[in-house]
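Please open the model in your viewer and keep the selection tool at hand.

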Amino acid sequence: MVNTFDVRETHNRILDGFSARPERAVLNWLTPRVPKAISPNQLTALGVFGAVCAGTGAALTNLSTSFLYLAIAGLFLNWLGDSLDGTVARFRKIERPRYGFFVDHLSDVASQILIVLGLGLSPYLQFQVILVALVAYLVMTIYSLVKLHVSRTMQLSYFGVGPTEIRILVGAGMLLTLFVEPFPVSTFLGDLTVFDFAAIGVSVFALGCAVVTFVKDAHEISILDPVRGKGSASAVDMITLESGGAPARES
């Protein structure tokens, strides 16, 4: 058996977050101005480096709140590299869809884990709370990749919220912390700050989006792929069999 989905094929990208329009305008302005010496791979590396800076800066706030400047700068670099790498490759017509898909999405996952762990090691968030937020993020990532597999639609934002909106929320919280010291509130979960409540809220929102979107998408896909008689072909074939029943290999 071999999966017939190929990332080289055209697929729809849904990125309709609240900041999508101004973000696109900024990227359209920046893309042709990126020096030719800077490659998409270097931009991807810049995004990961930004995540390292963001996570490290957040963790080092145990020593001084001044490290929040490093964390904020890291968030910006993470956005810049992550947003420009594919855009620059398409603009220069040097896309490598299979390689780009592989590197870009794994780099994104690694970057978000680095940022989340750094936040969890800061004095402003409970580590167990931020781990719940990480689980919610990974759930949405898995959902997006499964949806791409079955419908050739890569959904990057849900109900107006995508990666850029989350970065803006985290960055705004960091800026606020530079001027206002968050105070803990006693709850049955322990002492929580406003950032803990924000992380819990984002987690609930993300998991709720996953459930609601699953119900909607499952209904639409069931229409495209109805129950058929035994032996009949499905309207949406994801798996092909090589003659003789031997496993087919992808070249």
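**First stop: a pocket and its lining**

Select S19, I72, L75, F76, W79, T164, R167, I168, G171, A172 and L175, which line the second largest pocket. A pocket here is an open set of points on a 1 Å grid over the protein atoms alone, where a 1.4 Å probe fits, with protein on both sides within 12 Å along at least five of seven lines; lining residues have an atom within 4 Å of a point. The model is predicted: local features need pLDDT of at least 70 and side-chain atom pairs count only at pLDDT 80 or more, while totals for chains, interfaces and linings use all residues. Residues are numbered from 1 along each chain as its sequence is written, and side-chain values use heavy atoms, with hydrogens and water left out.

The space in this second largest pocket is about 230 Å³, a volume being the space filled by probe spheres set on the grid points, which are joined across faces, edges and corners. Two or more lining residues come from each of α3 and α6 (163-179); helices are DSSP runs of H or I with at least four residues, numbered from the N terminus. The largest contribution to the lining is that of α6, with 6 residues. By class, the lining has 7 nonpolar, 3 polar and 1 charged residues; Ala, Val, Leu, Ile, Met, Phe, Trp, Tyr, Cys and Pro count as nonpolar, Asp, Glu, Lys and Arg as charged, and the others, Gly among them, as polar.

The term requires a side-chain nitrogen of Lys or Arg within 4 Å of a carboxyl oxygen of Asp or Glu. The structure has 4 salt bridges.

Now display α3 and α6 whole. Their axes lie 9 Å apart at an angle of about 165°; axes are lines fitted to C-alpha atoms over the stretch in contact, and angles run from 0 to 180 degrees between N-to-C directions. The two helices are therefore roughly antiparallel, a term for angles over 145 degrees.

Next, select α2 (residues 40-59) beside α3 (residues 67-91): they pack at about 160°, with axes 7 Å apart. Helices α2 and α3 are likewise roughly antiparallel to each other. Their contact comprises 17 nonpolar, 7 polar and 2 charged residues.

Methods
Parallel < 35°, antiparallel > 145°, perpendicular 65-115°, else oblique.
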